[in-house]
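User: I am new to this structure and would like a close look at a single part, the surroundings of the ligand. Please then relate that part to the charged pairs and the surface elsewhere in the chain.

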Amino acid sequence: MDPRLVPLRRRFPMVADLERRARWRIPRFAFDFLQGGAGDETGMPRNRRALQAVEVMPRYGVKVSDVDPSADLFGHRYAAPVGIAPIGFDGIMWPGATRAFAEAAQALNLPYMVGTLATETIETVAALAPDVTWFQLYPLAAEDHRMTFDLADRAERAGARVLAATLDVPARTKRPRDMRNGFGMPFRLTASLLAQAAVAWPWSLAIARHGIPTFANIVPYSGPGRDVTAAFVGKHVGGGFDWEALARLRDRWPRAMMVKGVMHPEDAEKAVALGIDGVVVSNHGGRQFDAAPASADVLPLVVAAVGDRATVMLDSGVTAGVDVLRALALGARGVLAGRAFMLSLAALGDIGARHMGGAFIEELSLAMGQSGVTRVEDIPTLATRHPGAWSLS
Ligand SMILES: Cc1cc2nc3c(=O)[nH]c(=O)nc-3n(C[C@H](O)[C@H](O)[C@H](O)COP(=O)(O)O)c2cc1C
């Protein structure tokens, strides 16, 4: 382990410790963009509570000296079934974030699902993380998929292993913190945002090093210039994929393909019927639809619907290795974490991505030892109690 990480593990054992430090190191508008949600922001705590309510029955008397947290996802063995979730405009929360995620993911052998709205190109990310890059796709100008398909083709040429089309942003949403802060698209450093930036000196120094971030993947479609690109994103990016567009994308993409942001088991069924290989059960971390169920609470329905026909992953609310164990005990094959990784960068700088990834691997091993399983594949055999589980009947 990198010797710099040892004291960090002791000082910041939980994501809440990172959150406290991130709060003063980055400007308020950036912190609020990261930690905020839609509407009354009930979705985020609901995600956490739902996961925390899942109990896993430990088995004792098993030799657990050789716990192995590694896991197979889409034909590659990763150090643990924990990926970095796509975070749009990540560079505004920590300048240089996309590179830091890519380098950490490659070094740790964890999947990195880099986003359409990341602040480095898919080509740069795939070069930094050739073994572990996955690509998240948003529709660009949904009325004509030429640009969207071009971006998918670029991801394929760059060598992304998995393509994930995001479904759960069908319409705009309302995030009150961003409205109050005057944080929107195109992003402009107004006097009030500048004042927030001035006190967050670690962030300001990082901006001085990296420059104001831009939506690097979008530049070829919008034309150059930060404002032009941001205006293009504000106007043309977003809107969910419909099933017809997904079918065309499936025909085009030759490797493993996922849909991200599935809640209803019938939507998961539809994806499988199109030949899609995996679904991420997710409510976008509570950022889109405040009334959505917690992803953990619908996970068993989706797992039951797709069975062995697709790889089910979960995100929204995962902050520790024990959450990974909980999700896997409910039938997920892996998880993604968004805010946990981003907070770690904001709190600790570039090394934060390694801190968080390493913590997940280590904590999953501990949780496996505590519950009496030595291989990730055996976690689903553990008995669970899940009081919040959804039923549709
Ligand atoms: C600041 C921020 C930006 C995000 N941007 C994207 C995005 O561009 N594309 C996407 O599919 N999901 C995006 N997400 C959702 C994450 O990929 C993931 O689903 C979510 O963060 C999981 O919840 P968690 O933060 O509780 O781990 C974003 C999340 C955050 C916090």
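Analyst: In this predicted model, a backbone N or O atom of Gly 338 lies 2.9 Å from an oxygen atom of the ligand. The ligand, taken alone, exposes 600 Å², and 96% of that is buried by the protein. For Lys 260, a polar side-chain atom is 3.0 Å from a ligand nitrogen; for His 284, the corresponding distance from a polar side-chain atom to a ligand nitrogen is 3.4 Å.

The shell around the ligand holds 21 residues, of which Pro 86, Gly 88, Thr 166, Asp 315 and Gly 317 come nearest.

Side chains of opposite charge can pair when their charged atoms come close. A search of the whole structure finds 19 salt bridges, and three of them are described here.

A second bridge connects Asp 277 with Arg 250, the closest N and O atoms being 2.8 Å apart. Here too distant parts of the chain are linked: Asp 277 lies in the loop between helix H15 (265–273) and strand E9 (278–281), and Arg 250 in helix H14 (residues 243–252), 27 residues away. Asp 277 is partly exposed, with 27% relative accessibility, while Arg 250 is buried, at 12%.

Asp 32 and Arg 28 meet through their side chains in a salt bridge of 4.0 Å, N to O. Both residues are in helix H3 (residues 28–35), 4 residues apart, which is about one turn of the helix. Asp 32 counts as buried because its relative accessibility is 12%.

Trp 24, Trp 201 and Leu 205 make a nonpolar patch of about 370 Å². Of these residues, Trp 201 lies in helix H11 (residues 201–210) and is exposed, with a relative accessible area of 51%.

Note on methods: Residues numbered from 1 in each chain as written. Predicted model: local features only at pLDDT ≥ 70, side-chain atom pairs only at ≥ 80, totals over all residues. Heavy atoms only, no water. Patch = residues over 30% accessible without salt bridge, like charges linked within 9 Å, V, L, I, M, F, W, Y side chains within 5 Å. Areas by Shrake-Rupley, 256 points an atom, 1.4 Å probe, with all protein chains shown as cover. Helix = DSSP H or I, 4+ residues; strand = E, 2+ residues; numbered from the N terminus. Buried < 20%, exposed > 50% of the residue type's maximum accessible area, 1.4 Å probe, protein only. Near = heavy atom within 4 Å. Polar contact = N/O pair within 3.5 Å; in protein donor to acceptor, adjacent residues only side chain to side chain.
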